[in-house]
Amino acid sequence: DTDPKAMEVFVELHRKMSPGEKLEQALRMTEMVWRLAETGVRQRHPDAGEREVFLRFAALHLDRDLMLRVYGWRP
């Protein structure tokens, strides 16, 4: 879907970034994805309190057994 010229520009910009800049960009993107996931939890469970939102968010990333062991909570 991406225009080849746009991809060339994207790749060239990344080549010019320092390792620190690349890490910073990756961390910002990770935070954005986490916020989107949290927003999705809040939309699906509008009456959930902060603790429940946290647990439901964690359950997106951890398996059921680990959720039970760590948080004592079954999604």
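Is glutamate 50 buried or exposed? I started my notebook with that one, and glutamate 50 counts as exposed, at 56% relative accessibility. A reminder to myself before going on: this is a predicted model.

**Entry 1: the overall build**

I looked up the secondary structure next. The chain has four helices and zero strands, and reading from the N terminus the order is α-α-α-α. I then checked how spread out the chain is. Its radius of gyration is 18 Å, well over the 11 Å from the globule rule for 75 residues, so the chain is more spread out than a compact globule. I also noted the box filled by the C-alpha atoms, roughly 50 × 25 × 20 Å along the principal axes.

For contacts, I took those with a separation of 6 or more and asked what share joins residues 24 or more positions apart; the share is 0%. Burial came next: buried residues make up 13% of the 75 residues. The accessible surface is about 6300 Å², and 57% of that surface belongs to carbon and sulfur atoms. As for charge, I found 13 positive and 13 negative charges, with their mean positions 4 Å apart.

**Entry 2: what is buried in α3?**

Which residues of helix α3 are buried? Helix α3 covers residues 50-59, and its buried residues are Val53, Leu55, Phe57 and Ala58. I wanted to know what sits over them, and the cover includes α2 and α4, the latter spanning 64-71.

**Entry 3: salt bridges**

How many salt bridges does a search of the whole structure find? The search gives six, and I followed up a few of them.

I took arginine 35 and glutamate 31 to begin with. Their side chains meet in a salt bridge, at 2.5 Å from N to O. Both residues lie in helix α2, residues 19-44, and they are four residues apart, about one turn of the helix. On accessibility, arginine 35 counts as exposed at 53%, while glutamate 31 is partly exposed with a relative accessible area of 38%. The cut-off matters here: exposed means over 50%, so arginine 35 at 53% falls in that class.

Next I looked at glutamate 38 and arginine 42. Their side chains also form a salt bridge, at 2.8 Å from N to O. These two are four residues apart in helix α2, which means about one helical turn separates them. Glutamate 38 is partly exposed, with a relative accessible area of 29%, and arginine 42 counts as partly exposed too, at 31%.

Then I came back to glutamate 50, my opening residue. Glutamate 50 forms a salt bridge with arginine 42, and the closest N and O atoms are 2.9 Å apart. Through shared partners, salt bridges join Glu38, Arg42 and Glu50 into one network.

**Entry 4: a longer look at arginine 42**

Arginine 42 turned up in both of those pairs, so to speak, and I gave this residue its own entry because its relative accessibility of 31% counts as partly exposed. Arginine 42 is found in helix α2. What does arginine 42 contact, leaving aside its neighbours within four places in sequence? I found Glu50 and Val53.

**Entry 5: methionine 29**

Methionine 29 is partly exposed, with a relative accessible area of 44%. I also took a distance from methionine 29 to glycine 49: the two are 20 residues apart along the chain, and their C-alpha atoms are separated by 26 Å.

Key: Residues numbered from 1 in each chain as written. Predicted model: local features only at pLDDT ≥ 70, side-chain atom pairs only at ≥ 80, totals over all residues. Heavy atoms only, no water. Salt bridge = Lys/Arg side-chain N within 4 Å of Asp/Glu carboxyl O. Buried < 20%, exposed > 50% of the residue type's maximum accessible area, 1.4 Å probe, protein only. Rg over C-alpha atoms; globule rule 2.2 N^0.38 Å. Contact = heavy atoms within 4.5 Å. Areas by Shrake-Rupley, 256 points an atom, 1.4 Å probe, with all protein chains shown as cover. Lys, Arg positive; Asp, Glu negative; His and termini not counted. Charge placed at Lys NZ, Arg CZ, Asp CG, Glu CD.
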